[in-house]
Amino acid sequence: MAELQAAELNNLQSEGFSDEQNAQYLTFELADEDYGVDILRVQEIRGWDVVTRVPNTPSYVKGVLNLRGAIVPIFDLRERFDLSSQEYTKDTVVIVLRVNGDTGMRIMGIIVDAVSDVLNANSSGLVNAPDFGGRVATEFIASLISAGDKMVMLLDVDKLLGQDQQSEQEQAAAN
Amino acid sequence: MTIDMAQFHQVFFDESFEGLDIMESGLLEMDPGSADPEQINSIFRAAHSIKGGSGTFGFTNIADFTHVMETLLDEMRDGRRQVTAEAVNVLLASVDVLREMLTATSEDAEVDPERVKAQKAELDRILAGGAAAVEVAEPDSTEEACASSEQTGWHIVFRPHSHMMRTGNDPLRLIRELGSLGELSVEVDLESLLPLSEYEPEDSYLSWDLHLKGDISKEQIDDIFDWVEDDCDLSIAPICPAQKAPAAAPETASEPAPKTEIKAAPAPDERREGGDRRTSDRRGSVKKPATGGGTSSIRVDITKIDVLINMVGELVITQSMLSMMGEEFDISQIERLREGLAQLERHTREMQESVMQIRMLPISFTFSRFPRLVHDLSTKMGKQIELKMTGETTEVDKTVIEKIGDPLVHLVRNSLDHGIEMPEERVAAGKPEQGTVELNAYHRGGNIIIEIKDDGKGLNRDLLLEKAIERGLVPSDAILSDQQIYELIFAAGFSTAETVSDVSGRGVGMDVVRRNINELGGSIEIHSEMGVGSSFIIRLPLTLAILDGQTVSIGSETYIVPLVSIIESIQVKENMVNMLAGKGETFKLREEYLPIVRLHEILGVNDAKAKELNEGLLVVVEGEGRRCGLFVDDLLGQQQVVIKSLEANYRKISGLSGATILGDGSVALILDIPGLIRMAGNASSAFSKDVRKSA
């Protein structure tokens, strides 16, 4: 009984089901590419809404949003990955993610073209992203997985959004 | 099943630090020679709970250390030891060491074992030294003497106070536990048992006379009574063959079932005699005073919560009234709807106020450290200083309490070091030998005012000016008002102290003091008179969660300027504007030339309506003693805004102090005026271009 509880607790605490047989990923489209994030990190999905621009931030930070009283920064993932930018459409969605930073859990949103599917993935199917040297930034990509005939890039949420925060802090310190 | 003790650690640390504060303030108030037993008792209890807690959680080094302190305090409260100034000082130093140990443990750090050892040795020295000076019989010595001869057991007189069972302690369990140590014979004393009609089932009326035979150490018995010793009269004495136990235990069964045992009723006199001869109820001889402990940061006065609950109740009623009206709304009901909405607004506002109340704590949390500080520093500097504190109960936002401590310490140190003169100097100046430092807190018009006032020598205007000129902070021919000169002490790296002491004089600090206060949204001003004294007046907002703001528009964006920093808003005419070295725009406001900060440039707003100065408005603001004019499109309105942190989910952004949510649900950013002025100073245009480039 106690063991069972401990196991459950572990599951809750671990970053998703990475050690489990079946992890689930929320996949989304971004400039005809397929990306995925650990579904346990997704707090909610909402339609694109006007945000308040925050001055003196990189352009991929679209601004902040009032999410039931919390001020949540919204990042444009196309711009973050240097993909061509696109007008926001009715399919454009904001995926609100929980990010583990140095100072605890944060809530941040990413703007993606459209949400596609929930992917059940077996941990054995994960492969590491190939090394492109310096040409392609793969540091945010935790691993690759194939779904049907598509390749899905699974993002490391903490690196993607946590790093931004850190680099900004360093920048602030440098100033 | 094992319980994860770690979850209780925080509570233990909180309580322990609280206990340390009680010990410290108690020790400081203690008069050597004539100590109030109540006071020693409260110090003792604090030490005791720290010891108990640390033992429970396995922090043995803390428990061991506290044990020595406790022993010393125990002897003091029994009157077996004189309360000497030396002992008090050693105890104070021990409190410090204990605090370090607790801090280290809470942070999983290592504490310097040498330091602990040294302090422990110091305590031991006091313990060993003074004991003989007091002629009261040492109970320990009789115990020792007896133990050396053949000791056959212990005679325990256990008289629970009537409330003991309510503390969750069952005497029966204790006795059963004693029984597990050795052969136990029990006598019950029914003397104070009330008639059944007056009997209170939760009170304890019985007391026991216990004889415990066997080779048992006193510690084992103490352990059993550890939790209840404050809730009972207890005496534990060895039974020696030489002095047979006062009353030979009757042959009643050793099985501890005292409540059912009616026949045994030993003579109470005899029992008391037995007690007197030994430790004579040492634990209970001092009455338990009402615990005067302060509330901790996580505790909220229950009345505040009750008020809140009442208000939520009313809110729910109003809400249901409104929704009923909404179901079949008819235009004839418009009056009632308005009424309902007004009611809703009132309830919401009241509720907001009472929620804010929960965050409010008395400023005594901050003030309480000063008696110690003044005590220590004045001894060190050879000055005689009296500290007067008023308004300790003034309630302040919790964040203010946390952040105002260091600046206040700095200001008080300064007053002690620079302000108050040496006694001989004071006498020569015709002032009383003893200097006075006053700490005063009070509310005034939505602000908290904290005053630090001393009757020392005051700020030396000429010396300040001289130093400032020397350092090139002001031009040598500057004519400054007194107030402007006093402001100079807030400049970074400015110090007038001839010698740098470890107390102050490095010139680090006053600028930090001001910055900290500004960060809290407050201000500080100085009044001083040569030879009479000086006072520092800190003005802080009542709460940090709400701010009075002026909404301004720049293009399509809305920003909030804190109302406290706004001096006035003006429309500039071209003839008021001058260029400085071709770049810096300044305008003349009465006799001053102030720089113009174009917000749309510094904030990178592309669609600003007003590009020319005469199209928009200048909001004249002040931050950290510097003034400037913020150029905006328009002023929108004033409103109270709830401050939300940008850092909670993102990061700090220069020029912004936070964000808030406007009535329509959109987010507006709150400007950080001192930060903006600094940014503008760092060649504003270059900065924002850089950012845009990096983006």
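Biologist: Which residue stands opposite Gly63(A) in S5(A)?
Modeller: In this predicted model, Ile74(A) does.

Biologist: What is the strand order of the open sheet in chain A?
Modeller: S3-S6-S7-S5-S4, five strands with mixed pairing. The edges are S3 (42-47) and S4 (61-67), each of which pairs on one side only. From one strand to the next, the twist averages 30°.

Biologist: Why are strand S6 and strand S10 of chain B said to stand at the edges?
Modeller: The open sheet in chain B runs S6-S8-S9-S11-S10, again with mixed pairing. S6 (385-390) and S10 (523-529) have a single partner strand each, so one side of each lacks a neighbour in the sheet. The twist of this sheet averages 15° from one strand to the next.

Biologist: How do you know that strand S8 and strand S9 of chain B are joined?
Modeller: Count the bridges. There are 8 between S8 (435-444) and S9 (447-454), and at least two are needed, so the strands pair. They run antiparallel.

Biologist: Which helix lies across S6, S8, S9 and strand S11 of chain B?
Modeller: Helix H14 of chain B, residues 398-419. Its direction is at about 20° to S9(B).

Biologist: Why is Leu178(B) called buried?
Modeller: The cut-off is 20 or more other C-beta atoms within 10 Å. Leu178(B) has 23, so it qualifies. This residue is found in helix H7 (171-179) of chain B.

Biologist: Which residues is Leu178(B) in contact with, leaving aside neighbours within four places in sequence?
Modeller: Leu184(B), Leu210(B), Leu212(B) and Ile224(B). Ile221(B) is 43 residues away in sequence, yet its C-alpha is 7.2 Å from that of Leu178(B).

Biologist: Which residues have the most contacts inside the largest nonpolar core?
Modeller: Val64(A), Ile95(A), Val597(B) and Leu630(B), in a core of 79 residues. Beyond four places in sequence, Ile95(A) touches Phe28(A), Val37(A), Val42(A), Ile45(A), Gly109(A), Ile110(A) and Val112(A). A second core is separate and has 36 residues, among them Leu411(B), Val412(B), Val513(B) and Ile524(B).

Biologist: How many residues of chain B are in contact with chain A?
Modeller: 24, and they meet 23 residues of chain A. Strand S21 (656-661), strand S22 (667-671) and helix H21 (684-694) of chain B each supply at least two residues of that side. By type, the side of chain B that touches chain A has 12 nonpolar, 8 polar and 4 charged residues.

Biologist: How do you know that helix H2 of chain B has close to the expected span?
Modeller: Set the two values side by side. Over its 20 residues (37-56), H2(B) reaches 28 Å from first C-alpha to last, close to the 28 Å expected at 1.5 Å a residue.

Key:
Residues are numbered from 1 along each chain as its sequence is written. Chains are lettered from A and ligands numbered from 1 in the order in which they are written. This is a predicted model: local features need pLDDT of at least 70, side-chain atom pairs count only at pLDDT 80 or more; totals for chains, interfaces and linings use all residues. Two residues are in contact if their C-beta atoms, placed from the backbone, lie within 7 Å. Helices (H or I, at least four residues) and strands (E, at least two) are DSSP runs, numbered from the N terminus. Ala, Val, Leu, Ile, Met, Phe, Trp, Tyr, Cys and Pro count as nonpolar, Asp, Glu, Lys and Arg as charged, and the others, Gly among them, as polar. The expected span of a helix is 1.5 Å times one less than its number of residues. Axes are lines fitted to C-alpha atoms, for helices over the stretch in contact, and angles run from 0 to 180 degrees between N-to-C directions. A nonpolar core is a set of buried Ala, Val, Leu, Ile, Met, Phe, Trp, Tyr and Cys residues joined through C-beta atoms within 7 Å. A residue is buried if 20 or more other C-beta atoms lie within 10 Å of its own, exposed if 12 or fewer, and partly exposed in between; C-beta atoms are placed from the backbone.
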